Amino acid sequence: MDVSLWVEDFTAVTNALDALRASGVTDLRAWLAEHPGFVMEAAGWVEVLDVNEATARLLEARGRDEVMGSLSLSRIFLPETAAAFTDELVMFWEGGTRLELETVLKTLRGRHVDVMLTLTRPSPEHSDRVFVTMRDVTAQKASQRALQESEARFRNMADHAPVMLWVTDVTGRSLYLSRSWYEFTGQTEAESLGFGWLGAVHPDDAERAGTVFLAANADHLPFQLDYRLRHKDGRYRWAIDSASPRFGPAGEFLGYIGSVIDISDRKQVEQERERLLVAMDEAIRIRDEFLAVASHELKTPLTPLHLKLQTLARVAQEGRGPQLLERLPADLEVMQRQVKRLSTLVGELLDVTLISGGQLRLEPEPVDLGALLHEVALRFDAESQRTSTPIHTELGEVVGQWDRARLEQAVSNLLANALKYGEGHPVHLRTGRTAEHAWFSIRDEGIGIPAEAMDRIFEKFERAVSERHYGGLGLGLYVTRQNVRAMGGTIDVRSAPGQGATFTVHLPCRVSGESAAGGLAR
Ligand code: ADP
């Protein structure tokens, strides 16, 4: 590289400095600050004794002659150069012998040049000669400035980007994290640089994140990983970290640049979708199972009904009058039972449809609970005899304002279950009231219910027995609870396997509005 060399004579300058000292100046720098014109003037006193070609080129002179002897340094000085020259004067004042400085000059053609200067004064005692070497560093400075600018631009962009950005070096240490990182995590720069950022990653994810990160660093490959990142409010949020390797002009690996995005909301939506898919699968499974059970249940009463009708038709066709009369009562009883079973099943299905469609309408009227239970029990007389299940009642008059049909249906569902699952042991019906509520209970001494099933049997299609042993759609208790709830009441069950079950329904005695009046007029 071109190095320009000068030889300068500083005699006039040193004389002036000596005069200042003689006049009592002790702190030259302070004095110069008060006399700003002096520096430029002193520059004019320096005599340029010799320069090389490179100097002439650097100053864009027509030749060495344009510089030597005649050139006043003040011609090539800018205000910044004057500041550097101040340092030079102070060096002289203090008897120094060497100074290195970076400054800027104006060439003889007016162009600005960044230069690196070395001033040497080999023997201050004997001579006022100064040797100067000078290098043009304009290009170097320009690229440095460009780099600084582009770095400042990057930081500015990164700090305002909607994602968190980071940059690491060759060893994987984090050199930079954008402002959004600090805003999100609440970490300080000192806490997060290097490998400190891992401190904000969930302890269960940190090891995996560190391993993936270091493995990628070894291979210089892009990577992506997700982890939970601690927000400054202390809660963890899911984040995706994606990074690309950075390479220098010669293809050398420099580190990574990466971005971190908070994906908690997206993750939540995904989890919700997954949950819904599972729920949907479950609903489809339950529906298919229900369809299988329902078709079986609906067909079961049809077979005996069909057989009985066939037999009766044959006997009638053959004109066997007395035989017909003889078997009619028993056959009719069977047929009636099967038709009742069919209509109960169809009724339950219709009710579920009404409930699902939100079309359950109530028609409250004054009802005596005791009388209602008695009536329903009578309807089960035949069933009670057939299954040898005695029904014991302890019923008193309890009047309220309720929907009679819904209540009858609830009682009938519970009583049908008590007979079905009661294993022939007695069933007990009771009524009563408290200040606020009327209640009735239906207790059997049958198979009972396992604790696990106690809640779910009130749900649609839920059963705690196998369909091989006991028929049914798993809808009776569901419909019953919906009816009871619609009337503002509750239903609960107490039971243990093998110990029977007691279902108790509580109903409010006072119902709001005009309709309450009739029911409470006693
Ligand atoms: P279904 O009787 O048609 O199966 P329910 O909704 O009436 O449907 O009853 C749901 C389940 O609750 C029954 O399958 C049975 O397992 C259980 N359950 C109901 N009542 C009784 C009872 N009194 N004793 C024992 N288990 C019962």
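A: Let us begin with a loop residue. The model is predicted, and in it S388 is placed in the loop between α13 (381–386) and β12 (391–394).

Q: Is S388 buried or exposed?

A: The reading rests on relative accessible area, where a value over 50% counts as exposed. S388 has 51%, and therefore S388 is exposed.

Q: What is the phi of S388?

A: Most residues other than glycine have a negative phi. In S388, which is a residue other than glycine, phi is positive, near 50 degrees.

Q: Which loop holds H220, and what is its phi?

A: H220 belongs to the loop between α9 and β8 (223–230). H220 is not a glycine, yet its phi is positive, about 60 degrees. The relative accessibility of H220 is 32%, so this residue counts as partly exposed.

Q: Where does T55 lie, and which residues does T55 touch?

A: T55 is part of helix α4, which covers residues 53–58. Leaving aside residues up to four places away in sequence, T55 touches S4, L5 and W6.

Q: Why does T55 count as buried?

A: Buried means under 20% relative accessible area. T55 has 0% relative accessibility, so T55 counts as buried.

Q: How is a pair of aromatic rings described?

A: Two quantities are used: the distance of the centres and the angle of the planes. Rings pair if their centres lie within 6.5 Å, and planes over 60 degrees apart count as edge-to-face. By this rule the count is 16 aromatic pairs. One of them joins W31 and F38: the ring centres are 5.2 Å apart and the planes stand at 85 degrees, so this pair is edge-to-face. W31, at 18% relative accessibility, counts as buried, and F38 is buried with a relative accessible area of 13%.

Q: How do W197 and F213 pair?

A: The pair of W197 and F213 is edge-to-face, with 5.6 Å from centre to centre and 85 degrees between the planes. This pair links distant parts of the chain, 16 residues apart: W197 is in the loop between α8 (189–192) and α9 (203–219), while F213 is in helix α9. W197 counts as buried at 8% relative accessibility, and F213 is buried with a relative accessible area of 3%.

Q: Which aromatic cluster includes W197 and F213?

A: Both residues belong to one aromatic cluster, together with W166, F223, F247, F253 and Y256.

Q: What share of the residues is buried, and what share of the contacts joins residues 24 or more positions apart?

A: Buried residues make up 41% of the 522 residues. Among contacts with a separation of 6 or more, 60% are between residues 24 or more positions apart.

Q: What may be said of the surface and the charges?

A: The accessible surface of the chain is about 28300 Å², and 54% of that area belongs to carbon and sulfur atoms. The chain carries 58 positive and 75 negative charges, whose mean positions are 8 Å apart.

Terms used
Residues numbered from 1 in each chain as written. Predicted model: local features only at pLDDT ≥ 70, side-chain atom pairs only at ≥ 80, totals over all residues. Heavy atoms only, no water. Buried < 20%, exposed > 50% of the residue type's maximum accessible area, 1.4 Å probe, protein only. Contact = heavy atoms within 4.5 Å. Areas by Shrake-Rupley, 256 points an atom, 1.4 Å probe, with all protein chains shown as cover. Lys, Arg positive; Asp, Glu negative; His and termini not counted. Charge placed at Lys NZ, Arg CZ, Asp CG, Glu CD. Phe/Tyr/Trp six-rings, centres within 6.5 Å; stacked < 30°, edge-to-face > 60°. Helix = DSSP H or I, 4+ residues; strand = E, 2+ residues; numbered from the N terminus.
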